[in-house]
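Colleague: I'd like to learn how to read a model like this one. Could you walk me through it?

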Amino acid sequence: MFSQDFPVFNASGVWCTTKEELESLGKSEASAIVFKTMTLLPREGNPKPRFFLGSNFSINSMGLPNLGVDYYCSISADLRKYKKPLIASIAGFSQNEFLVLFDKINKASFDIVEVNLSCPNLEGKGLFAYDLKTSFLILKKIMKKTKKKVGVKLPPYFDRQTIKKVAEEFLKLKIDFITLVNSYPLGCFIYINKEAMVIKPNLGIGGLGGGILQPIALAQVVLFYQYTKGKLPIVAVGGIEEVSDIYRYTLAGASFFGIGTRLWQEGPEMFSRLKKELKEFLKKKKVKSLKEKIGKVKFL
Ligand code: SIN
């Protein structure tokens with residue numbers, strides 16, 4: 001699906017809203033170009049400040065600012081010149097909107113669609129992924145008509161039973177991959193001097209990402225990998241900053257890696273740094289390829 005040598009790219013949302021940003025991913029060592037989650041109409045997103053970077057975490061309540069699905073469909077053919085998989089990310093506000101969005105992407109120059117069921121920042125809206133019945137229905141309809149590979153971006157779930165149910169249904173539906181995980185939906189931080197929230201929207205509460213998310217995301221990767229017996233490829237997202245993070249997620253069961261908060265800090269040059277460091281890391285470990293370590297964590 002993606003480059004096996006260096007299966008690392010951006011997480012949707014970071015460095016991928018404007019054509020210039022997408023072009024800079026194309027020019028970088030990222031092995032795919034993931035677009036900002038797109039909606040039917042362009043959106044300005046939530047009021048600012050809507051992003052905060054803490055010591056090992058970030059809080060975001062962007063509210064899906066994007067240029068609209070028609071715009072992204074109109075530029076995708078041009079981005080082919082980078083010869084990388086193009087991954088659209090879509091989010092509807094209703095079942096029907098997901099299907100309309102999907103139809104547009106299905107006809108456009110994208111290779112893969114990531115169905116984002118996990119945006120935590122839309123005022124008055126819950127996360128689709130926590131409504132299993134509706135989520136399964138949307139995905140069933142999408143899988144019936146798709147000409148593309150289809151992935152699903154999930155939020156963290158809070159019990160093993162739900163993960164098992166989702167894992168089993170996704171295998172039945174023949175979903176091509178899952179992205180684990182979107183930000184933890186309810187995070188906030190408070191300035192001591194101002195005695196105020198650090199971001200404005202939704203009572204100052206938004207998605208929690210960055211390094212702090214890693215133990216949460218790792219557990220999701222382990223459980224999905226175990227419950228699907230490794231049959232559902234996993235894109236790990238959550239606090240990846242160094243190659244040791246990539247290796248840890250590999251042991252847990254991930255095959256591909258998306259970078260969010262750290263990419264925001266370091267920029268797309270990050271990919272060439274990681275590519276070089278990964279080569280050295282694997283050489284030191286005497287491991288030929290990450291592939292041989294997928295899901296190989298030792299349980300005590
Ligand atoms: C946002 O735009 O609010 C973040 C998108 C997401 O978490 O899916």
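Modeller: We'll go through a sheet, then the pockets, then the ligand. Keep in mind that this is a predicted model.

Colleague: Let's start with the sheet. In what order do its four strands come, and how do they pair?

Modeller: The general idea is that strands of a sheet pair through backbone hydrogen bonds, either parallel or antiparallel. Here you have an open sheet with the order β3-β4-β12-β9, and the pairing is antiparallel. β3 (51–53) and β9 (184–187) each have a single partner strand, so they stand at the edges with one side left without a neighbour in the sheet. On average, neighbouring strands of this sheet are turned by 35° against each other, direction ignored.

Colleague: How many bridges join β4 to β12?

Modeller: Three bridges link β4 (residues 58–60) with β12 (residues 206–209), and the two strands run antiparallel. To find one on screen, pick I59: its bridge partner in β12 is L208.

Colleague: Now the pockets. How much space lies in the largest pocket?

Modeller: Rolling a probe the size of a water molecule over the atoms shows where empty space is left. In this model, the largest pocket holds about 690 Å³ of space. Its lining has 40 residues, and those nearest the centre are S12, G13, V14, N60 and M62.

Colleague: Which element supplies the largest share of that lining?

Modeller: That's α9, with three residues. β4, β14 (256–259) and α9 (261–266) each give at least two residues to the lining of the largest pocket. By residue type, this lining divides into 16 nonpolar, 19 polar and five charged.

Colleague: And what about the second largest pocket: how much space is there, and which residues are closest to its centre?

Modeller: The second largest pocket has about 260 Å³ of space. It is lined by 13 residues, and D5, L278, K279, L282 and K288 are the closest to its centre. That lining splits into five nonpolar, two polar and six charged residues.

Colleague: Last one, the ligand. Which residues surround the ligand?

Modeller: The ligand is surrounded by K36, N60, M62, G63, L64, P65, N116, C119, P120, N121 and N182.

Colleague: What distances separate oxygen atoms of the ligand from G63, N121 and N182?

Modeller: A polar backbone atom of G63 is 2.8 Å from a ligand oxygen. For N121, a polar side-chain atom lies 2.8 Å from an oxygen atom of the ligand. In the side chain of N182, an N or O atom is 2.9 Å from an oxygen atom of the ligand.

Definitions and conventions. Residues are numbered from 1 along each chain as its sequence is written. This is a predicted model: local features need pLDDT of at least 70, side-chain atom pairs count only at pLDDT 80 or more; totals for chains, interfaces and linings use all residues. Side-chain values use heavy atoms; hydrogens and water are left out. Two strands pair if DSSP finds at least two bridges between them. Axes are lines fitted to C-alpha atoms, for helices over the stretch in contact, and angles run from 0 to 180 degrees between N-to-C directions. On a 1 Å grid over the protein atoms alone, a cavity is a set of points where a 1.4 Å probe fits but cannot get out, and a pocket is an open set with protein on both sides within 12 Å along at least five of seven lines; lining residues have an atom within 4 Å of a point. Grid points are joined across faces, edges and corners, and a volume is the space filled by probe spheres set on the points. Ala, Val, Leu, Ile, Met, Phe, Trp, Tyr, Cys and Pro count as nonpolar, Asp, Glu, Lys and Arg as charged, and the others, Gly among them, as polar. A residue is near a molecule or strand if one of its heavy atoms lies within 4 Å of it. A polar contact is a pair of N or O atoms within 3.5 Å; within protein, one must be able to donate a hydrogen and the other to accept it, and residues adjacent in sequence count only if both atoms are side-chain atoms.
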